[in-house]
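I opened this notebook to keep track of what I looked up, entry by entry.

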Amino acid sequence: MVETILTTSMGIMLVSIILSIIRFVKGPCYTDRVIAFDVMTISSLAIIAGVAYLSGRVIYLDVAMVYGILSFLGVLVVARYMEKGL
Amino acid sequence: MEQIGLSHIAITTGILLILTGLWGILTQKNIIKMIIGFSLFDTGIHIVMVGVGYVEGKTAPILDEAVQLKEAARQIVDPLPQAMVLTAIVIGIGITALMLAYALRLYQKNKTLDIQKFNDLKW
Amino acid sequence: MLKKIFTAAVIVAFAIILLKGYGFSGPDQQLNEVAERYAEKGPEEVGAANLVTAVIVTYRGLDTLGEVTILFLTASIIGFFLKTRREDLTAPPQVRKTSEILSTASRIISPIIFLFGAYVFINGHLTPGGGFQGGAIVASGLVLMLLANPLKTVNHKIISVVESISGISFVLLGVLGLVLAAGFLDNAFIGPGRFGSLISAGAIPIIYIFIGLKVGSELSGIVSNLQETQKEEI
Amino acid sequence: MQAKNVFVSFLIGLIFWTLLNNTFDPLILSVGAGLSLLLSLIFCARCDVFSELKLTPVALLYTGIYLVVFLYELIKSNLDVARRVITPSLPINPGIVEVKTRLQSKMGRMILANSITLTPGTLTIDISGDTLYIHWIDVKTEDTQEATEKIVRKFEKYLEKIYG
Amino acid sequence: MIIKIIAIIIGLAILLMALIAVYNKKLIVAIVAAGVVSLFASVMYLLLSAPDVAMTEAAIGSGLSTIIFFYVVNKIRKNRKDHA
Amino acid sequence: MNILAIIGAFVTLAGSIFLLLGSVGLLRMPDCYNRIQAGTKASTLGTILSFAGILLIMPGWWGKLLILIISVILTNPVSSHVLARASYHKRVPLTKATLVDKYQEEEEYIAVKDQHKEDQNNDQT
């Protein structure tokens, strides 16, 4: 029961990753691509948590923590580059 | 779906990524694009190596309450390729940074990033 | 056009070599001998719960030494290449100010990032992670501080002092293993401790702390050398 | 004021370390305490982030109330954005408005700006002095005073109690 | 089962992003696409049950190398402005 | 199979639906700022709900999941604010439907004016 629902929700997260990939390919300006990158990172966080549950290993969450703490640095550096702040 | 293993998917992806990176290195004229191609090549090799070490249906080589100590050899994947790849990734960023520093220096000297304009060694 | 065809031929040849090497046979269904030896004997010989750590620090410790040397060489070559001249400070730097939100947030987040990096390399023998990852996380914390305040300069003296002290301590620990135990970088000269607790696996936590500090300071040196905005030698 | 800074950041570091290790083993706790004391002495001795924070029971109570209000607004904002997204005609009329805040401390302003970013249809674009520029997905009013009433007030009255 | 589907989609995404990184004219887009390749590669390592490698790739490949690329491109831009 | 686990599974499902709506908004919205709004908000709540659901299913993992939730709440609005500010300073155009724009020409920065056109040419390195 629980695993079926979790599998469904991980499928929905995958669909969301695919939609943001479409935005990345289309995106007219840099901001669109960067925001698509952000959404992809966050969806991957949720997917990693789901994989950690399905494998039954708490240690996989450490990887998710590295993402959660460091992922916004990439967005930050692109934004500062765009506004000539580096 | 049953006969396709996870490692088949990983190794196919890795090989195609290697070829894409090599294509990028060979066809692009901008130095920075060539360095990006090199880093793609690097990632592809890492994926292939980890995929070769994967054993179907087994878990990570870290022993905690989810893996029994006695049964460890039947429950974990190969730790050796993972250690190698870990080393390789760290060296990879060093190489990438070094290449970027060279590219920056070349730009400061020649005022261009086009690889075909660098004809100092031609005669 | 001819060039493109030639390139495509090279790619195809490379692909054929790769596919021959793999042969579509698929992976084994069980571990090979070396991995089985590591999995069975590793926990008692080394005492680390994370077998990747055991392989990196003890079984293949010399590789790690070489790797750290390569990083050190890279960092020093970059520092030598992008050497800046101090007297070019005439033109004021043209940098847009950071917003107040980012500078406040970086004051809170960067100590947390450093603490997380320390957690990663102290617990390297129990959880995924270790010196390299922890060093990279520490360098990322430094990057956050530099992003929030672009005109800040990093003190290169502190970085190089930390780097050399940890490098020397790493080699000394290796030699200590040679003298007191079976070989170079053998970790058994400190008692093994209880399996799975923080004080276990002999000298691995100490070695990993030094590796983490060394990698962190090297990556920070690379980043700050590439970052320094105002002192350009043109 | 410096002792308070160091103390608060030390406390935050210790809580973070405990959550990370998920244990109360005295050895691990002492390692964490040493590390977070060192880090807070290095990084927070000269910064003024936590100096306006009030450490009274009333402030703690208001922090709890603020969290509840914030979570409610977060869920409301998401339902709002979701409704706009799935409506076929895409009912948006966006604009950038200007609002004022009474908060003085940097930390309070940061929390205010983050809360505004996460709540219904608003996104902080820039902050200078006591003026915040806000991108609003559904502009109801262009007047500064009314916009302040609508956007800022509901958080500000709690944050004032906490940060003064 | 779901893990294999995730792996297939992640693999396709990696290849698409690699093509963008090689063929896009704009340098910034290429660098960000290379960062996305690293991100998905890290998820792939996690599926192959290699959390150590995944962590390294997350911290180094996706974080630090993108940042280093941007610093260098920024220096090149400044240099060009000085000599324009 | 206790009732808490099933509640947690449904919470995770709700989180994934919010993530999906966020990326649909990313596709449908007309300009950058609206896309930032849709993208960051919905994905923040979606991720938080997914972690909360797994927290309900596996209560023993609370420490790390709590850190994940806190870090997402702390870092995500900062990055979206910085991104919005950067795209405003790069003069990414607002959509036609925009009613008011009070934030015009507040340039008290050190940066040199009117270099954005040259910059846009230069980006095609």
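Contact, as I use the word here, means heavy atoms within 4.5 Å. I am working from a predicted model, in which local features need pLDDT of at least 70 and side-chain atom pairs count only at pLDDT 80 or more, while totals for chains, interfaces and linings use all residues. Residues are numbered from 1 along each chain as its sequence is written, chains are lettered from A and ligands numbered from 1 in the order in which they are written, and side-chain values use heavy atoms, with hydrogens and water left out.

Entry on Thr127(C). I found Thr127(C) in the loop that joins helix 5 (100–122) and helix 6 (131–148) of chain C; helices are DSSP runs (H or I, at least four residues), strands likewise (E, at least two), numbered from the N terminus. Setting aside residues up to four places away in sequence, I list Asp62(A), Ile62(B), Asn50(C) and Tyr119(C) as the residues that Thr127(C) touches. Is Thr127(C) buried or exposed? Thr127(C) counts as buried because its relative accessibility is 12%, the classes being buried under 20% relative accessible area, exposed over 50% and partly exposed in between (1.4 Å probe, protein chains only).

Entry on Ala88(B). I placed Ala88(B) in helix 4 (residues 79–110) of chain B, and I noted it as partly exposed, since its relative accessible area is 27%. From Ala88(B) to Pro61(B) I read 27 residues in sequence and 19 Å in space, C-alpha to C-alpha.

Entry on the cores. A nonpolar core is a set of buried Ala, Val, Leu, Ile, Met, Phe, Trp, Tyr and Cys residues joined through side-chain atoms within 4.5 Å. The largest one has 235 residues, and Phe116(C) and Phe24(A) are among those with the most contacts inside it. Domain 1 (3–44) and domain 2 (57–163) of chain D both give residues to this core, so it lies between them; the domain bounds come from an automatic or database domain assignment. Beyond its neighbours within four places in sequence, Phe116(C) has contacts that include Met65(A), Ile137(C) and Phe16(D). I also noted a second, separate core of ten residues, with Leu22(B) and Ala15(C) among them.

Entry on chain F. Chain F has four helices and zero strands, and 60% of its 125 residues are buried. Of the contacts in chain F with a separation of 6 or more, 62% are between residues 24 or more positions apart.
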